[in-house]
Amino acid sequence: MTTTPTLPPPRTELSADEARRIALRAQGLLGAPDRRAGVRGVLRSLGAVQLDTISVLARSHELIPYARLGAVGREAVEEAYWSGNHAFEYWSHAACVLPIEEWPHFAFRRRARRARGHRWHVMADADRSCAAVLERLTAEGPLTSTELGGAKNGGPWWDWSETKIAVEWLLDTGDVVCVRRRGWKRVYDLAERAVPGALLHDDLDDTECVRRLVALAGRSLGVATRADLADYHRLTGAQVDAVIADSGLVPVEVRGWGKPAWADPAALREAPRGRHRTTLLSPFDSLVWDRARTERVFGFTHRLEAYVPKPKRIHGYFAMPLLSGGRLIGRVDPAREGDTLVARQLSMAGPRAVEPMAQALREAAAWVGCEAVRVEQVDDARLKEALITELGGS
């Protein structure tokens with residue numbers, strides 16, 4: 001007679017250090033990466049990859065798989081996201097690339113937007129404008145806003161054309177979907193054509209949709225507070241409260257957090273082990289996009305300062321945290337000048353961070369095709385000298 005082995009019960013009390021390692025493993029930054037699953041595997045593991053217009057070394061959605069897989073080709077990243085109907089773009093934590101199989105679980109958000117009846121932009125003739133967009137897409141196939149007639153109305157960037165407002169409204173409500181970008185422009189298509197038939201439905205009620213997203217957030221975070229779970233897909237605390245008991249996540253206590261927390265039970269059954277990745281992180285990486293969680297888990301204060309007036313910036317325009325040994329131990333504000341990666345402003349948590357910073361800079365430079373690294377401002381002159389030496393005098 002064959003017996004099924006009994007799994008040990010999940011632990012319900014964790015140290016802060018255990019919680020940190022669980023979070024790293026859940027985010028794909030502890031243990032050997034699954035290179036066979038590649039970029040699509042990273043997307044499915046994280047559940048959402050944030051998009052942003054800023055491009056310094058590369059755009060954020062490229063930096064996120066790079067941080068986990070190493071020097072995967074940038075064209076391969078785009079191909080993985082935008083070919084074969086594997087993903088779509090929609091509103092999650094922000095504008096995000098999402099696994100296509102999660103299309104049904106955003107029905108609650110599409111319904112909410114439809115019930116609101118409008119975007120913050122106002123259309124002069126919504127019915128006519130939306131019908132015209134749908135007619136063009138039906139007849140001509142996927143199109144950008146430029147191809148549809150132009151995104152701008154002649155004023156500042158937010159002064160959208162009637163056509164742009166219409167197609168974005170149709171995207172919000174699910175008649176239209178973005179399943180790829182071309183030259184950073186959204187390519188719009190009819191949802192009925194782009195979303196696989198088995199997934200093209202809004203049959204799930206709001207509770208089931210939210211329960212799925214809370215469970216996904218818990219899996220992607222490993223261990224999380226109520227606020228962490230809500231922030232991942234930009235839910236409300238009340239939405240989390242309504243489904244948490246049926247989400248499959250288990251309540252845990254993390255010493256030092258001072259707040260109730262929940263964990264993915266699979267993450268609790270064995271201690272997370274493996275090799276730590278040394279890498280620079282996008283400020284929009286899901287490991288650090290929630291600033292309060294980053295401070296709680298890593299004791300590291302980080303803010304994106306791209307939209308802060310230059311004289312008021314502390315760490316630079318696009319400061320990228322340095323992850324090494326499972327800890328955040330520095331940051332660098334990078335730029336590119338020809339074939340040189342420039343570390344414009346840099347800080348490190350002491351001498352132990354010098355070698356990892358040099359390694360991360362060299363790897364990032366090679367990935368984006370730079371042949372040299374130049375270090376400019378460092379908050380500690382002695383560490384600057386040590387870093388330049390470690391880099392080989394770059």
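Me: Which residues of helix α5 (residues 107–116) are buried?
Reply: The model is a predicted one. A residue counts as buried when its relative accessible area is under 20%. In helix α5, the residues in this class are A107, F108, R109, R110 and R113.

Me: What is the phi of the residue just after α5?
Reply: The residue in that position is G117. Its phi is positive, with a value of about 90°.

Me: How many aromatic pairs does the structure hold?
Reply: Rings are paired if their centres lie within 6.5 Å. Under this cut-off, the number of aromatic pairs in the structure is 7.

Me: What kind of aromatic pair do F88 and W103 form?
Reply: The ring centres of F88 and W103 are 5.3 Å apart, and the angle between the planes is 70°. Planes over 60 degrees apart belong to one named class. The pair of F88 and W103 is therefore edge-to-face.

Me: How many residues apart are F88 and W103 in the chain?
Reply: F88 belongs to strand β3, while W103 is in the loop between β4 (95–99) and α5. The pair thus links distant parts of the chain, and the separation is 15 residues.

Me: Is F88 buried or exposed, and is W103 buried or exposed?
Reply: The limit for a buried residue is a relative accessible area under 20%. F88 has a relative accessibility of 0%, so F88 falls within this limit. W103 has a relative accessible area of 3%, so W103 does as well. F88 is buried, and W103 is buried.

Me: What kind of pair do the rings of F88 and F106 form?
Reply: The centres of the F88 and F106 rings are 6.4 Å apart. Their planes meet at 80°, so the pair is edge-to-face.

Me: How many residues apart are F88 and F106?
Reply: F88 lies in strand β3, and F106 lies in the loop between β4 and α5. Both F88 and F106 are buried. This pair also links distant parts of the chain, its members being separated by 18 residues.

Me: Which residues do ring pairs link into a cluster with F88?
Reply: F88 pairs with W103. F88 also pairs with F106. The cluster linked by ring pairs contains, besides F88, the residues Y90, W103 and F106.

Me: Which residue lies over the face of W184?
Reply: A charge sits over a ring if, among other conditions, it is within 6 Å of the ring centre. The charge over W184 is at 4.2 Å from the ring centre, and it belongs to R181.

Me: Is W184 buried, partly exposed or exposed?
Reply: W184 lies in the loop between β5 (176–182) and β6 (185–190). Its phi is positive, about 70°, although W184 is not a glycine. The relative accessible area of W184 is 22%, so its class is partly exposed.

Me: Which class of accessibility does N85 belong to?
Reply: N85 is in the loop between α4 (74–82) and β3. Its phi is positive, near 55°, in a residue other than glycine. N85 has a relative accessibility of 33%, so it counts as partly exposed.

Me: Which element gives the largest share of the lining of the second largest pocket?
Reply: The second largest pocket has a volume of about 330 Å³. Its lining has 18 residues, and the closest to the centre are R25, A26, Q27, G28 and S45. The elements that give two or more residues are α1 (16–26), α2 (38–46) and α3 (60–69). The largest share, 5 residues, is given by α2.

Me: Which helix gives the most residues to the lining of the largest cavity?
Reply: The largest cavity holds about 30 Å³ of space. Its lining consists of L221, D228, D231, Y232, S286, W289, D290 and R293. The most, 3 residues, come from helix α11 (residues 226–232).

Terms used:
Residues numbered from 1 in each chain as written. Predicted model: local features only at pLDDT ≥ 70, side-chain atom pairs only at ≥ 80, totals over all residues. Heavy atoms only, no water. 1 Å grid on protein atoms, 1.4 Å probe; cavity = no way out; pocket = protein on both sides within 12 Å on 5 of 7 lines; lining within 4 Å. Points joined across faces, edges and corners; volume = space filled by probe spheres on them. Helix = DSSP H or I, 4+ residues; strand = E, 2+ residues; numbered from the N terminus. Buried < 20%, exposed > 50% of the residue type's maximum accessible area, 1.4 Å probe, protein only. Phe/Tyr/Trp six-rings, centres within 6.5 Å; stacked < 30°, edge-to-face > 60°. Lys NZ or Arg CZ within 6 Å of the ring centre and 35° of its normal.
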